[in-house]
Amino acid sequence: AGNPFGHWDNVFAYKLDNDRSNNTKGLRPYGTITKTAVATGAELVAYSGFSANNYLQQPYNPYIQPGSGSFCVIGWYNQNSITPTTEPVLLSIGSLSNADKRIQCAIANDNRLILWTHDGTNNTHAATPDLGTEDSNWHQVIFLRDVSGYMRIYRDGIEQSYQTNQSPGTIRNADSTDSVLSIGSPHFATGRYFEGDMSLWRFST
């Protein structure tokens, strides 16, 4: 019989935040992410402490590649900074080898919510008016593209944006075999992290 013992170098173990869908692909924390209850005694937790080096990321997952079809991003955020970073990104899905090929849910410096879809060459996007997002309150937000190509943004159950004068824009296919999903800080820019708390984020196609 052989030696039952072995030696391994450079082995790392990471605690993943559970994926509650049937895909069972968790989010890996990079750096240090703060995880706290949203209120005293609550079981629901929020994530914060995002920076260029602190974020949540899921590796390539074919189930979050919408192609030219519909998709929906839903989540809760509490922006606690009145001087946000340059257009902080809440959630992004995109290629590691082509930074311009991505889906991006962001907050502009003038407090507009923005949904971008970029196929690597051109983009189509939707944006809201100034919503005063840095009020230190929790808000639910929905970013979606429907089967007709319309892109819409809702906040707290109210539709705030309707793209291109109620006409669908060019549908951008951002799929890539090296795409990752990032929360709190995007894979394509180091200075666009979100300053605040995030909870219950999910992406569906």
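The model is predicted. Of the 205 residues, 46% count as buried. Among contacts with a separation of 6 or more, 63% join residues 24 or more positions apart.

Leu44, Trp76 and Leu200 together make a nonpolar surface patch of about 250 Å². Trp76 sits in strand β5, residues 71-79, and counts as partly exposed because its relative accessibility is 32%.

Now to the rings. The whole structure holds three aromatic pairs, and two of them are described here. Tyr30 and Tyr55 are stacked, at 4.9 Å centre to centre with 10 degrees between the planes. Tyr30 belongs to strand β1 and Tyr55 to strand β4, so this pair ties together parts 25 residues apart in sequence. Tyr77 and Phe194 form an edge-to-face pair, because their planes stand at 85 degrees, with the centres 6.2 Å apart. Tyr77 lies in strand β5 and Phe194 in the loop between β13 and β14, so parts 117 residues apart in sequence are tied together.

| Residue | Relative accessibility | Class |
|---|---|---|
| Tyr30 | 23% | partly exposed |
| Tyr55 | 18% | buried |
| Tyr77 | 0% | buried |
| Phe194 | 0% | buried |

One more ring is worth a look: the charged end of Arg102 sits over Phe188, 3.8 Å from the ring centre.

Technical notes. Residues are numbered from 1 along each chain as its sequence is written. This is a predicted model: local features need pLDDT of at least 70, side-chain atom pairs count only at pLDDT 80 or more; totals for chains, interfaces and linings use all residues. Side-chain values use heavy atoms; hydrogens and water are left out. Buried means under 20% relative accessible area, exposed over 50%, partly exposed in between (1.4 Å probe, protein chains only). Contact means heavy atoms within 4.5 Å. Patches are made of residues with over 30% relative accessible area and no salt bridge: like charges are joined within 9 Å, nonpolar side chains (Val, Leu, Ile, Met, Phe, Trp, Tyr) within 5 Å. Accessible areas come from the Shrake-Rupley method with a 1.4 Å probe; for residues, only the protein chains shown count as cover. A salt bridge is a side-chain nitrogen of Lys or Arg within 4 Å of a carboxyl oxygen of Asp or Glu. Helices (H or I, at least four residues) and strands (E, at least two) are DSSP runs, numbered from the N terminus. Rings of Phe, Tyr and Trp (its six-membered ring) pair if their centres lie within 6.5 Å; planes under 30 degrees apart count as stacked, over 60 as edge-to-face and the rest as tilted. A charge sits over a ring if NZ of Lys or CZ of Arg is within 6 Å of the ring centre and within 35 degrees of the ring normal.
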